[in-house]
Amino acid sequence: MDTLDSVGLGTMGISDPESITLAIEAGYRHLDTAQVYDNESVVGEGIRWAEIDREDVFVATKVWIDQLGYDSVVQSVTDSLERLGMDSVDLLYVHRPRGEYDPEGTLEGFEELVDRGSVHHIRVSNFEVPQLKEARQHLQAPIFANQVEYHPLFQPTDALADAQANDYTLVAYSPLANGRAGDISEVVDIARTHDTTPEAVCIAWLTAKDNVVVIPKASSKAHLMANRDAAELQLSTNERTRIDDIERETELFPE
Ligand SMILES: NC(=O)c1ccc[n+]([C@@H]2O[C@H](COP(=O)([O-])OP(=O)(O)OC[C@H]3O[C@@H](n4cnc5c(N)ncnc54)[C@H](OP(=O)(O)O)[C@@H]3O)[C@@H](O)[C@H]2O)c1
């Protein structure tokens with residue numbers, strides 16, 4: 001399986017395995033963690049509590065910027081797997097192209113992990129278009145995904161155009177503007193029209209875009225279920241364009 005559900009789970013800040021178990025019970029099959037979130041063991045435990053077959057859930061982790069040298073990549077992912085309690089992860093990301101990142105050595109380490117069977121797919125995060133082009137030149141596998149911040153107040157349309165032109169997935173992180181969706185007046189207006197929440201509108205607006213999947217973080221059962229259901233909400237072209245046209249910009253996770 002190489003296609004991600006349109007709504008996965010962001011786990012940054014989740015410290016209780018019960019939230020992961022609840023998410024799986026609510027239908028989530030794509031779980032996104034990272035070495036730097038310090039919760040890989042929580043995610044692993046939550047998956048085991050859910051008693052789901054390992055091959056039925058997509059697990060993603062990310063290598064932090066101080067572990068991106070060839071040897072550190074291999075060692076740090078071995079440590080990640082131990083924390084997760086798994087033999088392999090489905091998706092492995094370069095968290096940011098910073099610090100120890102070096103397209104040749106880093107990606108060679110990632111490919112070594114694929115060859116060993118420890119990683120199924122290589123992904124990158126926070127890459128700008130020129131960095132993506134450079135990475136592609138060093139990778140044997142033609143298709144990978146880029147995980148970037150994307151919500152109504154931060155719209156990297158160049159990254160989206162690249163994903164669509166080269167047919168890979170854009171994983172939109174912080175799709176609810178990190179909990180600030182209710183402060184965006186255009187989104188609030190549209191939510192009122194549909195008798196739904198601003199969070200649902202953010203998710204529906206993003207998942208309507210070609211090649212985009214979202215990974216909202218949620219910890220309560222109510223939020224987990226509402227976010228999965230939100231992908232079913234149909235916004236009109238005018239409503240989607242109204243959000244596309246928002247020019248105010250707030251980047252929540254700058255370099
Ligand atoms: N690659 C990167 O560099 C990077 C950077 C940042 C984030 N990420 C990933 O993206 C994920 C999501 O981003 P994020 O955590 O910044 O923020 P987010 O998903 O935009 O927003 C999460 C916040 O929204 C609340 N929420 C969730 N569903 C809701 C609903 N239906 N109604 C009202 N409030 C709701 C959550 O509260 P509750 O917890 O109480 O439900 C939480 O406070 C992260 O967990 C992480 O996996 C990646």
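In this predicted model, the largest nonpolar core has 70 residues, and L31, I47 and L170 touch the most other members. Helix 8 (residues 198-207) gives this core its largest share, seven residues. In soluble globular proteins, nonpolar side chains tend to be buried together.

What does L170 contact, apart from its neighbours within four places in sequence? The contacts of L170 include N146, V148 and Y150, then A159, L160 and A163, and also N211, V212 and V213.

Helix 8 also meets helix 7 (residues 185-193). Two packed helices are described by the angle between their axes and the distance between the axes. For helix 7 and helix 8, the axes come within 8 Å and cross at roughly 100°. An angle of 65 to 115 degrees counts as roughly perpendicular, and helix 7 and helix 8 are therefore roughly perpendicular to each other. On the helix 7 side, V187, V188, I190 and A191 take part; on the helix 8 side, P198, V201 and C202 do. By class, this contact of helix 7 with helix 8 has seven nonpolar residues, no polar ones and no charged ones.

Charged side chains pair up elsewhere, and the structure holds 10 salt bridges. One of them joins R83 and E40, with the closest N and O atoms 2.8 Å apart. R83 belongs to helix 3 (residues 70-84) and E40 to helix 2 (residues 40-50), so this pair ties together parts that are 43 residues apart in sequence. Are the two partners buried or exposed? R83 is partly exposed, at a relative accessible area of 38%, whereas E40 counts as buried because its relative accessibility is 2%.

A salt bridge also joins the side chains of D189 and R242, at 2.9 Å from N to O. D189 is in helix 7 and R242 in helix 10 (residues 237-244), so the pair links distant parts of the chain, 53 residues apart. D189 counts as partly exposed at 32% relative accessibility, and R242 counts as partly exposed at 37%.

Helix 10 takes part in another bridge, between K209 and D244, whose closest N and O atoms are 2.8 Å apart. K209 lies in the loop between helix 8 and strand 8 (212-214) and D244 in helix 10, so parts 35 residues apart in sequence are tied together. K209 counts as buried at 16% relative accessibility, while D244 is partly exposed at 32%. Salt bridges that share partners also join D189, R192 and R242 into one network.

Key. Residues numbered from 1 in each chain as written. Predicted model: local features only at pLDDT ≥ 70, side-chain atom pairs only at ≥ 80, totals over all residues. Heavy atoms only, no water. Core = buried A, V, L, I, M, F, W, Y, C linked by side-chain atoms within 4.5 Å. Buried < 20%, exposed > 50% of the residue type's maximum accessible area, 1.4 Å probe, protein only. Helix = DSSP H or I, 4+ residues; strand = E, 2+ residues; numbered from the N terminus. Contact = heavy atoms within 4.5 Å. Axes fitted to C-alpha atoms, helices over the stretch in contact; angles between N-to-C directions. Parallel < 35°, antiparallel > 145°, perpendicular 65-115°, else oblique. Nonpolar A, V, L, I, M, F, W, Y, C, P; charged D, E, K, R; others polar. Salt bridge = Lys/Arg side-chain N within 4 Å of Asp/Glu carboxyl O.
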